[in-house]
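Visitor: I am new to this structure, and I would like to be taken through it step by step.

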Amino acid sequence: MRRLRRTPRPGWEQTVETQGLVYGVPARYADGTERPYWDESVYYEFSMDEVESVEADVEALHAMCLEAVEHVVLAERYKDFGLPEWVWPHIDQSWRRRDPHVYGRFDLRYDAKGPAKLLEYNGDTPTSLLEASILQWFWFRDVFADGDQWNSLHEKLVERWGQVRAQLPQSLLHLTFARGDTAGEDHITTTYMQETAAEAGFDTVGLAVEDIGWDNVLHRFVDLAEEPMRAIFKLYPWEWLLEDPFGKHAVEQLPGTLWIEPLWKTLLSNKALLAILYENYPGHPNLLPAYLDDPGVLTEYIKKPKLGREGANMTIVAPGYETSTGGVYGKEGYIYQLFDPLPEFDGMRPVIGAWVVGDSAAGMGIRETSGLITDDGAAFVPHRIAE
């Protein structure tokens, strides 16, 4: 694993914009100056053995996460996740039905000196998908004549949508995003998912989640054309939906209207999962010790809100590393995870975003920052596999 430099492609800004990257706030170099969010002046190079090692780790983690969901459902440990009690039986039913899922992203600490370590898992609304699937693939094809890239995301998404199509009530799929996302990332990500679903044979309609209607007479969801909505992809977190009166309709209509990602994925997008995993697999090489609601035996740790996003409301407690971030999360409770600093390359610290599509590892994207916590100002940089 190496961090290398390369001259960006001429006109790269226009190239990535035509490929859909019309969002992304400026990131920062180690000296504090601005850098582009998509930064192809650097890239990470891996050996095939390293990539195969991470791929195996991801497959193992995914299987462990599914077992963790089974454990939480059987033991009824929903309170540990800060979830409202009224939704508990519906999560149980969603899991027992095996409501179909499509994708998720593990965030990993990896330095090629040992196994990848799980930092967190977003199994509900993962983003940076376009960058990982499309942008870095075309970058790789443009600048390298040999080697490879760990990236089968597009093909696997199309394949997975084809599998899911047979499990949904109809071949019409509505894909929704939050209009409040002024940066446009959610809209573009949803549009890309719409393309992959259409390629798999779905008839698709895209709209903002705020434009979903509820027919009080027929008790069903309708789109702007008053057409019934029975299969909905949402780039909108379940925990937000559950706080809204509209969310009760979404839950109580299951499985008449199925949502992707499914309701049981609330357990895989909540950092309480980290503590459950460590309880179930203490000492596992891919896990860092983690505890619910207090540090337990840890003297050096990072405190994370169970439903936090983009590095918000985190606190590092370790000599010489004390750091805190602001935000609006935390009322749902915290987990405490052993602090294991991200590896450093040229003053920057990468996080591996490893993707799962269906039940298979599908590729990775890398975001790096000079800080100890990867936030919404981190840069996305591409990778290649050396021959």
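Guide: Two strands pair if DSSP finds at least two bridges between them, and helices (H or I, at least four residues) and strands (E, at least two) are DSSP runs, numbered from the N terminus. This is a predicted model, in which local features need pLDDT of at least 70, side-chain atom pairs count only at pLDDT 80 or more, and totals for chains, interfaces and linings use all residues. Residues are numbered from 1 along each chain as its sequence is written, and side-chain values use heavy atoms, with hydrogens and water left out.

Visitor: Which residue is the bridge partner of Tyr301 in β17?

Guide: Strand β14 (residues 301-305) and strand β17 (residues 334-338) run antiparallel and are joined by five bridges. Within β17, the partner of Tyr301 is Leu338.

Visitor: Why is strand β11 largely enclosed by the rest of the structure?

Guide: Buried means under 20% relative accessible area, with a 1.4 Å probe and protein chains only. On one side of β11 lie Ala231, Phe233 and Leu235, and on the other Ile232 and Lys234. Strand β11 (residues 231-235) is largely enclosed because five of its five residues are buried.

Visitor: Which residue of β12 is the bridge partner of Ile232?

Guide: Strand β7 (residues 172-177) pairs with β11 in the parallel sense over four bridges, and His174 stands opposite Ile232 there. Strand β12 (residues 258-260) also runs parallel to β11, joined by three bridges. In β12, the partner of Ile232 is Trp259.

Note on methods:
Buried < 20%, exposed > 50% of the residue type's maximum accessible area, 1.4 Å probe, protein only.
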